[in-house]
Amino acid sequence: MAAALSMFLTATPQASAAALAEVTNFGANPGGLRMYLYVPDRVAPRPGVLVAMHGCNGWAPGFHQGTEFASLADRYGFVVIYPQANKSANGLSNCFDVWSDEALRHGGGSDPVSIVSMTNYVLQRHNGDPQRVFATGFSSGAMETLNLLATYPDVFKAGAPFAGVPYACLGPAGCGDKTPQQWGDLVRNAYPGYTGPRPRVMAWHGTADSVLPYSMLQEEVDQWTNAHGLSQTPTSTDSPQSGWTRRVFGTGQVEAYTINGAGHDLPHAGMAAHAIRFFGLDDGSSTTTPTPPPAGQIKGVGSGRCLDVPNAATADGTSVQLWDCNGRSNQQWESTPAGELRVYGSKCLDAAGTGNGARIQIYSCHGGTNQQWRLNSDGTIAGVRSGLCLDAAGQGTANGTRLQLYTCHGGANQRWTRS
């Protein structure tokens with residue numbers, strides 16, 4: 001497994017007016033890591049925070065220069081932390097600790113505590129949004145990404161590991177084949193007593209990876225679908241571009257990208273943008289995004305009735321309907337900077353699929369693109385993942401009419417006003 005912690009191949013540096021800077025005295029640092037920070041010239045008012053981690057034998061400045069995360073930060077106004085690892089493993093240097101007892105448990109110490117300190121420093125110093133904190137990395141950095149998601153699910157909302165292995169794979173549990181339940185138990189045991197939502201995962205792996213076998217991608221899928229309580233059978237499979245296969249699990253809590261013919265050299269050009277979109281940083285943190293309106297009712301133009309959660313239910317999976325407007329809490333929808341429509345403060349308007357007729361429901365907010373919506377100038381509300389519009393089924397106008405996704409046509413049953 002020594003080769004599993006290989007170096008990141010540095011690409012051409014990216015030009016930017018802003019500069020990478022080292023930060024010292026950022027807080028508790030039991031791992032003895034160095035912190036490098038990239039703050040774009042134009043920062044969003046409540047910026048998201050991304051931790052981006054290099055592989056073994058690599059350097060934080062090299063990962064900054066050789067990846068596209070900084071240029072995307074310039075575009076969307078989020079802040080990027082590049083930790084510098086310093087551990088040795090089987091002849092390799094500058095690795096992140098993903099094997100010690102301290103690193104594998106919440107509050108244990110070592111590198112995860114140091115990285116959480118860096119994150120808290122940025123949240124406080126740059127008025128960051130704690131609901132939009134994410135992690136990504138290559139090889140050793142990919143392993144630390146999943147390590148952070150397992151040990152600090154209260155801090156990190158999602159992660160995108162490129163060419164990694166499941167959480168705790170390099171620890172005593174080992175990397176041998178395990179059942180989804182066994183993999184998921186490792187995640188649950190990383191932070192005993194934690195009952196909150198699990199971070200979303202977008203995992204990437206090349207089929208020709210000669211350092212970490214491609215089979216590790218399925219082990220990651222097994223681990224994180226189980227941690228989310230999902231089936232290991234994808235709900236959809238597609239090809240975002242030639243040579244890529246994407247599998248989506250649940251309503252977007254886990255995504256897996258197979259890159260045909262790719263070796264141990266991810267991310268390739270363009271992949272970082274997909275990760276940023278998965279995190280929701282491309283919409284919610286743009287420096288040009290207007291301030292969203294306050295919470296209020298969403299009224300159908302054709303029906304005059306409001307978007308309503310039946311009987312003020314709060315259970316995940318409750319379908320949404322049209323109902324006489326009454327101003328109660330089950331009709332109060334808040335637009336967030338991340339593109340969500342929230343009710344009760346913690347439940348999101350959620351598309352249970354991506355095709356015509358897909359059911360609209362409420363679900364615990366997890367930041368997936370099926371919970372992100374574009375409020376268009378013509379009054380339509382379009383799903384970010386599907387591109388389809390929020391639609392009153394059958395052009396219905398009566399109380400109890402169900403809501404669905406449908407191809408946008410601008411009819412009165414697809415147009416909405418805020419009140």
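Q: Which residue just after α7 takes a positive phi?
A: Gly 280 does, with a phi of about 85°. Helices here (H or I, at least four residues) and strands (E, at least two) are DSSP runs, numbered from the N terminus. This is a predicted model: local features need pLDDT of at least 70, side-chain atom pairs count only at pLDDT 80 or more, and totals for chains, interfaces and linings use all residues. Residues are numbered from 1 along each chain as its sequence is written, and side-chain values use heavy atoms, with hydrogens and water left out.

Q: How many residues of helix α7 are buried?
A: First the term. Buried means under 20% relative accessible area, exposed over 50%, and partly exposed in between (1.4 Å probe, protein chains only). In α7 (residues 271-279), seven of the nine residues are buried, so the helix is largely enclosed by the rest of the structure.

Q: In what sense do β7 and β8 pair?
A: Two strands pair if DSSP finds at least two bridges between them. Strand β7 (residues 133-138) pairs with β8 in the parallel sense, over five bridges.

Q: What do β7, helix α4 and β8 make?
A: They make a right-handed β-α-β unit, with α4 spanning residues 140-151. A crossover is right-handed if, with the strands pointing away from the viewer, the path from the first strand over the helix to the second runs clockwise. The chain then crosses from β8 through helix α5 (residues 180-190) to β9, and this β-α-β crossover is right-handed. Strand β9 (residues 200-206) runs parallel to β8, joined by three bridges. Gly 159 stands opposite Val 201 in β9.

Q: What order do the strands have in the open sheet of four?
A: The order is β16-β17-β18-β19, with antiparallel pairing. β16 (334-335) and β19 (360-364) stand at the edges, each with a single partner strand, so one side of each is left without a neighbour in the sheet. Two bridges join β16 to β17 (residues 341-343). Look for Glu 334, whose bridge partner in β17 is Arg 342.

Q: Is Ser 100 buried or exposed?
A: Ser 100 is buried, with a relative accessible area of 14%. Find it in the loop between β6 (92-95) and α3 (110-125). A polar atom of its side chain lies 3.1 Å from the backbone nitrogen of Ala 103. That calls for another rule. A polar contact is a pair of N or O atoms within 3.5 Å; within protein, one must be able to donate a hydrogen and the other to accept it, and residues adjacent in sequence count only if both atoms are side-chain atoms.

Q: Where does Asp 129 lie?
A: Asp 129 lies in the loop between α3 and β7. Asp 129 is buried, with a relative accessible area of 13%. The backbone nitrogen of Gln 131 lies 2.9 Å from a polar atom of the Asp 129 side chain.

Q: What is the relative accessible area of Ser 319?
A: The value is 28%, so Ser 319 is partly exposed. Ser 319 lies in the loop between β14 and β15. Ser 319 and Asp 350 are 31 residues apart in sequence and 9.4 Å apart in space, C-alpha to C-alpha.

Q: How many cavities of 30 Å³ or more are there?
A: Rolling a probe the size of a water molecule over the atoms shows where empty space is left. On a 1 Å grid over the protein atoms alone, a cavity is a set of points where a 1.4 Å probe fits but cannot get out; lining residues have an atom within 4 Å of a point. Grid points are joined across faces, edges and corners, and a volume is the space filled by probe spheres set on the points. The count here is two. The largest cavity has a volume of about 50 Å³, and its lining includes Val 98, Met 143 and Tyr 167.

Note on methods
On a 1 Å grid over the protein atoms alone, a cavity is a set of points where a 1.4 Å probe fits but cannot get out, and a pocket is an open set with protein on both sides within 12 Å along at least five of seven lines; lining residues have an atom within 4 Å of a point.
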